[in-house]
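Have the viewer open as you go.

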Amino acid sequence: MEKALADLKEKGAEGCVVLGDPNYYGRFGFKVIDGLVLPGVPAEYFQALSFSGNFPQGEVAYHEAFWVQG
């Protein structure tokens, strides 16, 4: 996880969002951000980490490939 976050920073990303266990991702600084939502999932499992201290607001949509089942 630390390597992935370092790679994102190196590529100029301003942050990252994850959908997953808050206990696991919280260890890396991810947290629930009011006003930043992924519809259809429990809010406590959608978290963000900012590299700049600023967080976007609004609705996030993952690429449709994340929702494919089968």
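Leaving aside its neighbours within four places in sequence, which residues is Leu 36 in contact with?

1. Keep in mind that this is a predicted model. Beyond its neighbours within four places in sequence, Leu 36 is in contact with Val 17, Phe 46, Ala 48, Pro 56, Gln 57, Gly 58 and Val 60.

2. Some of those names come back in the largest nonpolar core, which has seven residues: Ile 33, Leu 36, Leu 38, Phe 46, Ala 48, Val 60 and Tyr 62. Another core lies apart from it, made of six residues, including Leu 5, Cys 16, Phe 30 and Leu 49. As background, nonpolar side chains in soluble globular proteins tend to be buried together.

3. On to the rings: there are five aromatic pairs in the structure. Take Tyr 24 and Tyr 25: their ring centres are 4.9 Å apart and their planes sit at 85°, so this pair is edge-to-face, the cut-off being over 60 degrees. Tyr 24 counts as partly exposed at 34% relative accessibility, whereas Tyr 25 is buried, with a relative accessible area of 19%. The buried cut-off is under 20%.

4. Tyr 62, a member of the largest nonpolar core, also has a ring partner in Phe 66. Their centres are 5.1 Å apart with planes at 50°, so I'd file the pair as tilted. Phe 66 itself counts as exposed, at 60% relative accessibility.

5. Last one: ring pairs join Tyr 24, Tyr 25, Phe 28 and Phe 30 into a cluster. Phe 30 is also among the residues of the six-residue core.

Notes: Residues are numbered from 1 along each chain as its sequence is written. This is a predicted model: local features need pLDDT of at least 70, side-chain atom pairs count only at pLDDT 80 or more; totals for chains, interfaces and linings use all residues. Side-chain values use heavy atoms; hydrogens and water are left out. Rings of Phe, Tyr and Trp (its six-membered ring) pair if their centres lie within 6.5 Å; planes under 30 degrees apart count as stacked, over 60 as edge-to-face and the rest as tilted. Buried means under 20% relative accessible area, exposed over 50%, partly exposed in between (1.4 Å probe, protein chains only). A nonpolar core is a set of buried Ala, Val, Leu, Ile, Met, Phe, Trp, Tyr and Cys residues joined through side-chain atoms within 4.5 Å. Contact means heavy atoms within 4.5 Å.
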